[in-house]
Amino acid sequence: MPRSRNSEAQPILDHNNEEEINGEDNELGIEYSCCNPGRSYYRFIALIFMCLVGFASYFCYDNPGALQDNFKTDLDLTTTQFAMLYSIYSWPNVVLCFIGGFLIDRVFGIRLGTIIYMFILMIGQLIFAFGTTTNAFYIMLLGRFIFGIGAESLAVAQNNYAVLWFKGKELNMVFGLQLSFARFGSTVNFLVMEPVYKYVKQFYQGPYILGMVLFIAAGTCVMSFASALILGWMDKRAEKALRRVNASDGEIPRLSDVKTFKTSFWMVCLICICYYVAIFPFIALGKVFFERKFGFTPEEANAVNSVIYLIAAFASPICGYIVDKTGRNVMWVFFSTVVTIGAHAMLAFTFVNPYVGTITMGFAYSMLASSLWPLVALIIPEYQLGTAYGICQSVQNLGLAVVSMFGGVIVDRGGYLMLELFFIGWLSISLLACVIIWLQDFNNNGILNMSPSAREEAAKESLMPISINTNNDGRSADESDNDNGAGQARDVRNRYLQRIGVGDGGNSSDCEPLLQ
Amino acid sequence: MQIKLLIVLLINLLILNFVSCDEGVRKLEAYKNPKCNDTETVKCDNFAFVHIVAESELDTIHYLWNFQGKISTLIAKTSKNSTLNINWEKFDGISKSVNFSIKPDYIYSSVINSFFLFNDTLDKGNISDTSVVDIIRFDTQNLTWTLTNITENAGNNKVTAEVHTATSNNGSFTIMFTAYGMEKHSDELPHLYHSSDSMQVDLIASKIKTNFTNPRIAIEILTLTKEDVKEGDSKINRIRNLDDEFTPGIFDVYHVLSPRSINNTKGGFIEFRPVCYNSPNRTVSSSTELSFSNPKNFDDETEEFKNSLPYMYFHNSTLTHKLKESINITFGMPNDGFYSRTNYISFSYLIGLGAPLKEGLSLFVIIFASIGLGVPLLVLLVGGSYVAVKRYKN
């Protein structure tokens, strides 16, 4: 089960520049060096650790997948039992990501949150390894369950770290790189585990082999845990040096805030469900489809199947850059969805070489990821972003868990053509949701689908004493949903400005680390 | 009263019309060892012969199934009201012991000649591969078959006969022949699409014991048709479908067409999908593929066909001129874990007269596809015009 989705969120736009920060650094009297929290070197060292924090999660997640046959034969697992190792990971996270995200916003904060989630993940992997060694299936399940709690919430934390450090800078690129690194972790796992297994087999027998292999894999967790600690230390240092204020201007995120989230946010959630279920479960079931329909060998089928991820790995940063420059996120989401429908239709209704379909799908998927996730940051105030991204991830997990379950049944009962139609159906719903966002945005001020320069323009206009950020009803876009009183108008405007990336200084910062 | 009568008449007409329009429907009648009487020389219990008469408005198809000696079937299409005559005294393997009261328009016969168990040392999944050395042959005439079951299913308009043979260690081969009276997808995977002019063969090889490290099962099917050998050879046609609705995961259908079937619809054919199943519970995950040889001309006419229906029907001298071919089918594909993975293989194919039925996209698929692709178009249209109107007003 692919999990690249977690690191695709790319909130906030690119407006603030480097010099501003460096200027402030000089005022602070901090020297130029790689250890200077204000310097880009420092940020990129932090980026390396950010990627490393996620590595263990992606590496260990697919351990069973890489050793599928060994799991089944050494431990006598049935296919159903084996599948449970993955579903026990997904199902709890239908709820837990949301809670995990909220806890980062409200209780732990980003540093402690990351360390705690990483620790949970590590414990989970150790329990899983222990359960495997003793061939106790329920302990294995418990391990995977705990691992899942840690991993998915860790992904939310990773999103927040990226926003914290790179908002208004190289954020899109950073998210792209994180996505690439996630793919890298998963690929390394598939390449390395088999040789490791063969090596360990010389010394151990029975379940001990797999147990030892998993303990070795847990080594990556130790590395990631150390990265989380270092990252925490760097973040603390940056916060002090740059006098970053973490508290948002008096606003405390509450669970009940969820009720005030706008329709367009829920539509984004709907797209999160409907779009991704047409990608990941397709890849999971795709191998046999390519073998049977196009007569590919298992190796060839794997290759054409993995092209989607391969393209996502290198195209995501590029697509992020394109969206950054052109804006118009809703249009890109719409465009990506239409192209994905086309790609699926091509695979379903023609015998054209499937590489055409999967390559097209790979690009469309990268583009969607780059344009969809920033929408959340344009809709939801920053101090609630953890919760919002948590919700997105939760509903996505829900969709994937349900559809993965039904996918196999559909293939068994109705075949692959029916499965493709099923996916196209989901994409149609996704398209509908996108059109609703578009129309609603069109009826308001159209901020979601503006080019960057137009957004800047709109932001400047709204800086005027009399808010121009109003629609025909005379109410601001935020107000119309939040129903705030007149006294809060200024807050609302500030939040709005933050979201579109043009802060009005002073009290606007929710959690912008390097911009104080 | 008169109106009532008229309505009844009309309804009757409608029903009759409906039935007579449906030329594909045949009425099936099954007989075991027909008109056989025990005499001093004939013991009817020794025979395992089934005769199915499939009658339509226009013609009659006779399905002859013999489960004794070589497992064989002979399908004959005649004009209506023809009868089958069997000389039971000479029935056991003697030529011309079977004939029809009216000379058939076409005959297609097929023999399940042998099962093979072989060691696929290089995991090629093909018995014809040069690397295959160790082969155990189970000639069907040397196995003792028991006719376990003849079931007539009036609802589905079909008749099934099942035979079974036990090998050592609880192993067994099972063969089922089913004749159909109407056009339909069969109930079980691979849901082959049969007409009322075709029958289905199901084969099961279960728990066949072996010392081979990489065992696989294969079969040899012989065919003998009414065509003269000069008319040319049979040809295998591969049809690729977009729709795998009825056989999930399988997009291909293969037709082994007799020479006359290639040119027009007057010949006969074997139809199969490249899939077999390694578990009694047939699903996509229990499926594996198969490989097959091209039809090969058969020179030694009498020996292999002896003890089978085509031999009993055709005269020795006629047999020489008829088109006789053999096909091998190997069950399994590379990397599927061999026969020993589950010690079970089942496979189904159709034998039919005329041309194989063509399968199109089902109505369900068409409706679903139109909705799936139509909704985005509609959305585009409605959304676009809304925005256009709004812009225009502003």
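# Exercises on a two-chain predicted model

Chain B and chain A together bury about 2700 Å², and 71% of that is on carbon and sulfur atoms. Buried area here is the accessible area (1.4 Å probe) that two parts lose on being put together, summed over both. This is a predicted model, where local features need pLDDT of at least 70 and side-chain atom pairs count only at pLDDT 80 or more, while totals for chains, interfaces and linings use all residues. Residues are numbered from 1 along each chain as its sequence is written, chains are lettered from A and ligands numbered from 1 in the order in which they are written, and side-chain values use heavy atoms, with hydrogens and water left out.

## Exercise 1: the interface

Work out which parts of chain B touch chain A, and what kinds of residue they bring.

Step 1. Start with the head count: chain B puts 32 residues into the contact and chain A puts in 28. Contact means heavy atoms within 4.5 Å.

Step 2. B:Arg240, B:Leu242 and B:Phe251 supply 20% of the area that chain B buries against chain A, more than any other three residues.

Step 3. Now the pairs. The count between the two chains is 9 residue pairs in polar contact, both residues at pLDDT 80 or more. A polar contact is a pair of N or O atoms within 3.5 Å; within protein, one must be able to donate a hydrogen and the other to accept it, and residues adjacent in sequence count only if both atoms are side-chain atoms.

Step 4. Find the elements on chain B's side: S20 and H6 of chain B each supply at least two residues. Helices (H or I, at least four residues) and strands (E, at least two) are DSSP runs, numbered from the N terminus.

Step 5. H6(B) has the largest share of this side, with 15 residues.

Step 6. Sort that side by type: 17 nonpolar, 8 polar and 7 charged. Ala, Val, Leu, Ile, Met, Phe, Trp, Tyr, Cys and Pro count as nonpolar, Asp, Glu, Lys and Arg as charged, and the others, Gly among them, as polar.

Step 7. Finish with salt bridges: the rule finds 1 across this interface. A salt bridge is a side-chain nitrogen of Lys or Arg within 4 Å of a carboxyl oxygen of Asp or Glu. B:Glu289 forms one with A:Arg292, with the closest N and O atoms 3.1 Å apart.

## Exercise 2: salt bridges inside chain B

Find out which parts of chain B the pair B:Asp197 and B:Arg26 links.

Step 1. Check the pair itself: the side chains of B:Asp197 and B:Arg26 meet in a salt bridge (3.0 Å, N to O).

Step 2. B:Asp197 sits in the loop between strands S13 and S14 of chain B, and B:Arg26 in the loop between helix H1 and strand S1, 171 residues apart.

Step 3. Buried or exposed? Both B:Asp197 and B:Arg26 are buried; buried means under 20% relative accessible area, exposed over 50%, partly exposed in between (1.4 Å probe, protein chains only).

Step 4. B:Asp123 and B:Arg216 form a salt bridge with the closest N and O atoms 2.6 Å apart. This pair links the loop between S7 and S8 to strand S15, 93 residues apart, and both partners are buried.

Step 5. Follow shared partners: salt bridges join B:Arg26, B:Asp59, B:Lys77 and B:Asp197 into one network.

## Exercise 3: the largest nonpolar core

Step 1. A nonpolar core is a set of buried Ala, Val, Leu, Ile, Met, Phe, Trp, Tyr and Cys residues joined through side-chain atoms within 4.5 Å. The largest has 80 residues, and those touching the most other members include A:Phe265, A:Tyr276 and A:Leu372.

Step 2. List the sources: helices H10 to H15 of chain A and helix H6 of chain B each give two or more residues.

Step 3. Zoom in on A:Leu372. Leaving aside neighbours within four places in sequence, its contacts are A:Val268, A:Ile271, A:Cys272, A:Tyr276 and A:Val333.

## Exercise 4: one residue up close

Decide why A:Ile359 counts as partly exposed.

Step 1. Locate A:Ile359 in helix H14 of chain A.

Step 2. A:Ile359 counts as partly exposed because its relative accessibility is 33%.

Step 3. Beyond four places in sequence, A:Ile359 is in contact with A:Val307 and A:Ile311.
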